[in-house]
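Subject: Structure for handover

Hello,

Please find the structure below. My notes on what was found in it follow.

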Amino acid sequence: MRATRTTTVVGAGVALLLTLTGCGGSEVAADGGTGSKVDQASVLDPSTSNDGLDVMAWGQTMTYADGLALTVSQPTGYTPGEWAAGTEGHTNFVTFDVTVMNGTSQPYDPLLLMTGATSGGVAASEVFDSEVLGTRPDAAILPGQTVTWKVGYGVADPADITVDVSAGLDENFNSYDDVFWQGPAA
(Lines give C-alpha, C1' and ligand atoms only; values in the text may rest on other atoms or scores of the structure.)
Protein backbone atom coordinates (compact mmCIF):
# COMPACT_ATOMS: atom_id res chain seq x y z
CA MET A 1 0.00 0.00 0.00
CA ARG A 2 2.84 2.40 0.86
CA ALA A 3 4.57 1.83 -2.53
CA THR A 4 1.34 2.53 -4.39
CA ARG A 5 0.76 5.78 -2.47
CA THR A 6 4.38 6.91 -3.06
CA THR A 7 4.12 6.12 -6.78
CA THR A 8 0.83 8.02 -7.01
CA VAL A 9 2.25 11.07 -5.22
CA VAL A 10 5.43 11.08 -7.32
CA GLY A 11 3.40 10.64 -10.52
CA ALA A 12 1.09 13.50 -9.55
CA GLY A 13 4.10 15.69 -8.78
CA VAL A 14 5.69 14.95 -12.15
CA ALA A 15 2.39 15.67 -13.93
CA LEU A 16 2.09 19.00 -12.08
CA LEU A 17 5.67 19.95 -12.96
CA LEU A 18 5.11 19.12 -16.63
CA THR A 19 1.89 21.10 -16.62
CA LEU A 20 3.52 24.16 -15.03
CA THR A 21 6.57 24.19 -17.27
CA GLY A 22 5.09 22.84 -20.48
CA CYS A 23 1.87 24.77 -20.87
CA GLY A 24 1.83 27.14 -23.82
CA GLY A 25 3.88 30.28 -23.65
CA SER A 26 2.52 33.77 -23.42
CA GLU A 27 2.00 35.52 -26.72
CA VAL A 28 4.25 38.46 -27.43
CA ALA A 29 4.07 41.62 -29.47
CA ALA A 30 6.67 44.16 -30.52
CA ASP A 31 6.01 47.52 -28.91
CA GLY A 32 2.22 47.16 -29.14
CA GLY A 33 1.13 44.65 -26.52
CA THR A 34 -1.59 43.33 -28.82
CA GLY A 35 -0.77 39.69 -28.15
CA SER A 36 0.18 38.97 -31.76
CA LYS A 37 3.63 37.70 -32.75
CA VAL A 38 6.28 40.01 -34.16
CA ASP A 39 6.40 40.35 -37.94
CA GLN A 40 9.78 38.66 -38.33
CA ALA A 41 10.42 40.21 -41.76
CA SER A 42 10.49 43.66 -40.17
CA VAL A 43 13.10 42.65 -37.59
CA LEU A 44 15.37 40.03 -39.16
CA ASP A 45 17.95 40.05 -41.86
CA PRO A 46 16.06 38.36 -44.73
CA SER A 47 19.03 36.03 -45.29
CA THR A 48 18.52 34.55 -41.81
CA SER A 49 15.88 31.90 -41.13
CA ASN A 50 14.44 32.16 -37.62
CA ASP A 51 10.87 30.91 -38.15
CA GLY A 52 8.87 30.97 -34.94
CA LEU A 53 11.45 32.87 -32.90
CA ASP A 54 11.11 36.35 -31.51
CA VAL A 55 14.29 38.10 -32.66
CA MET A 56 14.61 41.80 -31.93
CA ALA A 57 17.01 44.56 -32.87
CA TRP A 58 18.98 46.17 -30.03
CA GLY A 59 16.83 48.69 -28.19
CA GLN A 60 13.55 47.26 -29.45
CA THR A 61 10.94 46.42 -26.81
CA MET A 62 9.12 43.11 -26.66
CA THR A 63 5.76 43.33 -24.89
CA TYR A 64 3.96 40.17 -23.80
CA ALA A 65 0.17 39.92 -23.95
CA ASP A 66 -0.09 40.43 -20.17
CA GLY A 67 1.84 43.73 -20.38
CA LEU A 68 5.33 42.66 -19.25
CA ALA A 69 7.83 44.45 -21.52
CA LEU A 70 11.54 43.70 -22.03
CA THR A 71 14.24 45.76 -23.73
CA VAL A 72 17.92 44.98 -24.27
CA SER A 73 20.20 47.87 -25.25
CA GLN A 74 22.99 47.54 -27.80
CA PRO A 75 26.07 46.07 -26.11
CA THR A 76 29.09 48.30 -25.65
CA GLY A 77 32.65 47.36 -24.76
CA TYR A 78 33.77 47.63 -21.16
CA THR A 79 36.68 46.78 -18.89
CA PRO A 80 35.83 44.45 -16.00
CA GLY A 81 36.72 45.51 -12.47
CA GLU A 82 39.50 43.91 -10.45
CA TRP A 83 37.17 41.49 -8.65
CA ALA A 84 34.95 40.52 -11.60
CA ALA A 85 34.11 36.82 -11.95
CA GLY A 86 33.52 35.02 -15.26
CA THR A 87 36.29 36.74 -17.20
CA GLU A 88 38.52 33.69 -17.65
CA GLY A 89 39.33 32.84 -21.26
CA HIS A 90 38.01 36.12 -22.71
CA THR A 91 39.67 39.30 -23.90
CA ASN A 92 36.52 41.01 -25.26
CA PHE A 93 33.87 42.18 -22.82
CA VAL A 94 30.52 43.87 -23.40
CA THR A 95 27.79 45.27 -21.21
CA PHE A 96 24.16 46.00 -22.02
CA ASP A 97 21.12 47.26 -20.15
CA VAL A 98 18.14 45.01 -19.46
CA THR A 99 14.95 46.98 -18.87
CA VAL A 100 11.76 45.43 -17.47
CA MET A 101 8.54 47.44 -17.53
CA ASN A 102 5.86 45.71 -15.49
CA GLY A 103 2.60 46.42 -17.28
CA THR A 104 0.92 43.40 -15.65
CA SER A 105 -1.51 43.50 -12.75
CA GLN A 106 0.84 41.57 -10.43
CA PRO A 107 4.34 42.17 -9.02
CA TYR A 108 7.09 40.68 -11.22
CA ASP A 109 10.10 38.96 -9.64
CA PRO A 110 13.20 39.96 -11.68
CA LEU A 111 15.11 36.99 -10.23
CA LEU A 112 13.03 34.85 -12.62
CA LEU A 113 14.62 36.63 -15.60
CA MET A 114 17.63 34.84 -17.07
CA THR A 115 19.98 35.99 -19.81
CA GLY A 116 22.30 33.94 -21.96
CA ALA A 117 24.50 34.89 -24.87
CA THR A 118 26.50 33.52 -27.77
CA SER A 119 29.15 35.23 -29.81
CA GLY A 120 31.10 34.11 -32.84
CA GLY A 121 29.43 30.70 -32.74
CA VAL A 122 30.35 29.89 -29.11
CA ALA A 123 28.82 30.43 -25.70
CA ALA A 124 29.60 33.76 -24.08
CA SER A 125 30.44 33.89 -20.38
CA GLU A 126 28.36 36.03 -18.05
CA VAL A 127 30.54 38.40 -16.03
CA PHE A 128 29.56 39.16 -12.44
CA ASP A 129 31.03 42.55 -11.67
CA SER A 130 29.29 44.51 -8.93
CA GLU A 131 32.17 47.04 -8.88
CA VAL A 132 31.51 48.23 -12.45
CA LEU A 133 28.08 46.84 -13.44
CA GLY A 134 26.31 46.97 -10.08
CA THR A 135 23.88 44.23 -9.11
CA ARG A 136 20.63 42.99 -10.55
CA PRO A 137 17.46 43.89 -8.66
CA ASP A 138 16.26 41.39 -6.10
CA ALA A 139 13.01 43.10 -5.10
CA ALA A 140 9.73 42.64 -6.94
CA ILE A 141 8.86 45.14 -9.66
CA LEU A 142 5.40 46.46 -8.92
CA PRO A 143 2.77 47.01 -11.64
CA GLY A 144 3.55 50.22 -13.52
CA GLN A 145 7.22 50.28 -12.47
CA THR A 146 10.25 50.09 -14.75
CA VAL A 147 13.67 48.85 -13.61
CA THR A 148 16.93 48.79 -15.59
CA TRP A 149 20.18 47.03 -14.73
CA LYS A 150 23.47 46.22 -16.44
CA VAL A 151 24.60 42.75 -17.52
CA GLY A 152 28.09 41.88 -18.76
CA TYR A 153 29.52 39.07 -20.90
CA GLY A 154 32.89 37.92 -22.14
CA VAL A 155 32.45 37.39 -25.90
CA ALA A 156 34.45 35.81 -28.70
CA ASP A 157 33.41 38.31 -31.39
CA PRO A 158 31.91 41.70 -30.47
CA ALA A 159 30.59 42.01 -34.05
CA ASP A 160 28.42 38.87 -33.61
CA ILE A 161 26.36 38.74 -30.41
CA THR A 162 23.03 37.08 -29.66
CA VAL A 163 21.35 37.61 -26.29
CA ASP A 164 18.59 35.22 -25.15
CA VAL A 165 16.23 36.50 -22.45
CA SER A 166 13.89 34.19 -20.58
CA ALA A 167 11.43 36.07 -18.38
CA GLY A 168 10.38 32.98 -16.40
CA LEU A 169 6.72 32.34 -15.55
CA ASP A 170 3.71 34.64 -15.76
CA GLU A 171 1.10 35.00 -13.01
CA ASN A 172 -0.71 31.90 -14.36
CA PHE A 173 2.49 29.82 -14.25
CA ASN A 174 2.83 29.77 -18.05
CA SER A 175 6.34 30.15 -19.42
CA TYR A 176 7.04 33.41 -21.18
CA ASP A 177 8.48 32.80 -24.64
CA ASP A 178 12.23 33.41 -24.88
CA VAL A 179 13.16 36.55 -26.80
CA PHE A 180 16.42 37.10 -28.68
CA TRP A 181 18.30 40.30 -29.49
CA GLN A 182 21.17 40.11 -31.95
CA GLY A 183 23.71 42.16 -33.81
CA PRO A 184 27.10 43.78 -33.28
CA ALA A 185 28.25 45.68 -30.22
CA ALA A 186 28.49 49.44 -30.63
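**Overall picture**

Among contacts in the chain between residues at least 6 apart in sequence, 71% join residues at least 24 apart. Please keep in mind that this is a predicted model.

The chain has 1 helix and 12 strands. Read from the N terminus, the order is α-β-β-β-β-β-β-β-β-β-β-β-β. Of its 186 residues, 38% count as buried. The chain exposes about 9,800 Å², and 57% of that is supplied by carbon and sulfur atoms.

**Strand β6 and its partners**

Strand β6 covers residues 92–102. This strand is mostly covered, with 8 of its 11 residues buried. Its pairings are as follows:

- β4 (residues 68–72) runs antiparallel to β6 and is joined to it by 5 bridges; L68 has N102 in β6 as its bridge partner.
- β5 (residues 76–77) pairs with β6 in the antiparallel sense over 2 bridges; here G77 stands opposite V94 of β6.
- β10 is joined to β6 by 10 bridges, and the two run antiparallel; the bridge partner of T95 in β10 is G152.

**Aromatic pairs**

How many aromatic pairs does a search of the whole structure find? The search finds 2. F96 and Y153 form a stacked pair, with 6.0 Å from centre to centre and 5° between the planes. This pair links distant parts of the chain, since F96 sits in β6 and Y153 in β10, 57 residues apart.

Are these two residues buried or exposed? F96 has a relative accessibility of 2%, so it counts as buried. Y153 is also buried, because its relative accessible area is 2%. The cut-off for buried is under 20%.

D160 lies in the loop between β10 (146–155) and β11 (161–166). With a relative accessible area of 36%, D160 is partly exposed; that class lies between the limits of 20% and 50%.

Which residues is D160 in contact with, leaving aside its neighbours within four places in sequence? They are T118, S119, G120, G121, G183 and P184. For S119, the C-alpha atom is separated from that of D160 by 5.3 Å, while the two residues are 41 apart along the chain.

Regards

Methods. Residues numbered from 1 in each chain as written. Predicted model: local features only at pLDDT ≥ 70, side-chain atom pairs only at ≥ 80, totals over all residues. Heavy atoms only, no water. Helix = DSSP H or I, 4+ residues; strand = E, 2+ residues; numbered from the N terminus. Buried < 20%, exposed > 50% of the residue type's maximum accessible area, 1.4 Å probe, protein only. Contact = heavy atoms within 4.5 Å. Areas by Shrake-Rupley, 256 points an atom, 1.4 Å probe, with all protein chains shown as cover. Phe/Tyr/Trp six-rings, centres within 6.5 Å; stacked < 30°, edge-to-face > 60°. Pairing = 2+ DSSP bridges.
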